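Keep the sequence and the 3D view open while you read.

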Amino acid sequence: MITCLYCGNNATTIYYSGIRDRLGVSRDDWSFVRCSECGSLNLTPRPSPEQLPSFYPATYSLAKAGQKGITNKYLARLGHIFVYDRVYYRQLRWVLRTVNCRTSTIRILDVGCGVGHQLRILKTWGFDPIGVDTDEEAVRYANDALKVTAYVGDITTCADIFGSNHFDVITAFHVVEHLLDPVSFFKICRELVRPGGVVAGALPVCDGTVARTLGRYWVALTEAPRHIGIPSHRGLIQALEATGLTVQEIARESVVNVAGSVAISISPRGSTSVGSKLGLRHIFSGILMLTALPLVAFTEIFGKPSIVLFAATKSYV
Ligand SMILES: [Zn+2]
């Protein structure tokens, strides 16, 4: 029995067992327990904070892939133009629309910024965002190669540096599912945004149509043990509102991203974040993604989304 990361109730039912890390970093079998209250999936056994860093491969951040050789650079560039930047544009436009942003002077913090591609795009749009990530090499790349401002650390580092009520917007794209305590994370985010400010992000949810269809093969599960809790829609809302934030909107993520997750579910080592060389498996993964795209678009738009964007506001009182 473990405590659900999203609603705090006891979770007892093993829903998936024998899950293997798709990247092979962990050699263990993992299980997910389904919360009987909110339906979220919780990894078991739950790793300790000390164990977590050892579950990440050396090249987990996207832009570290494809940096060597002309072919790799060309393929990586194509991936950015046709896939990743499309996803980032939708994420950021959606967040800015949710914030009802009309000025580029707003203070934006991107937690888990990785190598800083969202920061790069925000900068080209006239904003001056700040990023934070625990990956020192990724932060160095963000600062040196992309010329954006990023710090090494996590949300508590930001609390120490910036204090309460500092930011207008905090974003966390595909971060929360990696955390041992998402509710505490949301609490600190709430403290860091000003009244009326927004905490937003994206993450996979376990009760979407694509997620339920792929079941144990879905990449959100085979990212175990790096993925520790996959919430249901309800679990996500409960975790956000438990901190005093008010959920403004939950929307579907880019269908390109979901199609990509389907491709990686079928071809687990086909993502460009794995290893430094791009090759045939990545081209195969791209073809799979394009093939899956029409059906995924249909299910994401007309069914229940499997990767969602969320935005929650801090009240003025
Ligand atoms: Zn729960």
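## Helix 5 and helix 8

Helix 5 and helix 8 make a right-handed crossing (left-handed would mean the near helix is turned anticlockwise from the far one by less than a right angle, right-handed clockwise). Helices here are DSSP runs of H or I with at least four residues, strands are E runs of at least two, and both are numbered from the N terminus. This is a predicted model, so local features need pLDDT of at least 70 and side-chain atom pairs count only at pLDDT 80 or more, while totals for chains, interfaces and linings use all residues. Residues are numbered from 1 along each chain as its sequence is written.

The two helices pack at about 45°, with their axes 8 Å apart. Axes are lines fitted to C-alpha atoms, for helices over the stretch in contact, and angles run from 0 to 180 degrees between N-to-C directions. Helix 5 and helix 8 are therefore oblique to each other; under 35 degrees counts as roughly parallel, over 145 as roughly antiparallel, 65 to 115 as roughly perpendicular, and the rest as oblique. Where do they meet? Pro182, Val183 and Phe186 of helix 5 touch Ala239, Leu240 and Ala242 of helix 8, where a contact means C-beta atoms, placed from the backbone, within 7 Å.

## More about helix 8

Helix 8 covers residues 233-242, and its buried residues are Gly235, Leu236, Gln238, Ala239 and Leu240. A residue is buried if 20 or more other C-beta atoms lie within 10 Å of its own, exposed if 12 or fewer, and partly exposed in between, with C-beta atoms placed from the backbone. Besides helix 5 (182-192), those buried residues pack against strand 3 (30-35), strand 11 (246-252) and strand 12 (307-313). After helix 8 comes Gly244, with a positive phi near 95°.

Ile155, Thr156, Cys158, Ala159 and Phe162 of helix 4 make the contact with Phe185, Ile188, Cys189, Glu191 and Leu192 of helix 5. This crossing of helix 4 and helix 5 is left-handed.

Now look at helix 9 (residues 255-266) and helix 10 (residues 280-302), whose axes come within 7 Å and cross at roughly 125°. That makes helix 9 oblique to helix 10. Among the residues in the contact are Val258, Ala259 and Val262 of helix 9 and Leu288, Met289 and Ala292 of helix 10. The crossing of helix 9 and helix 10 is right-handed.

## The core and the whole chain

Which residues have the most contacts inside the largest nonpolar core? They are Leu109, Ala142, Ile170, Cys189, Val199, Ala259 and Phe310, in a core of 84 residues. A nonpolar core is a set of buried Ala, Val, Leu, Ile, Met, Phe, Trp, Tyr and Cys residues joined through C-beta atoms within 7 Å. Leaving aside neighbours within four places in sequence, Val199 touches Ile170, Phe186, Cys189, Arg190, Val193, Leu245 and Ala312.

Zooming out, the protein chain has 10 helices and 12 strands, and 48% of its 317 residues count as buried. Among contacts between residues at least 6 apart in sequence, 74% join residues at least 24 apart.

## Some loops to look at

In the loop between strand 8 (167-173) and helix 5 you'll find Val176. Val176 is buried, with 29 other C-beta atoms within 10 Å. Setting aside neighbours within four places in sequence, its contacts are Pro182, Phe185, Gly201 and Leu203. Asp181 sits in the loop between strand 8 and helix 5 too, but Asp181 is partly exposed, with 14 other C-beta atoms within 10 Å.

There are cis peptide bonds to spot as well: one runs from Thr44 to Pro45, with omega near -5°, and another from Ala224 to Pro225, with omega near 5°. Finally, Lys147 has a positive phi near 60° although it isn't a glycine. Lys147 lies in the loop between helix 3 (136-144) and strand 7 (149-152), and counts as exposed with 11 C-beta neighbours inside 10 Å.

Key:
Contact = placed C-beta atoms within 7 Å.
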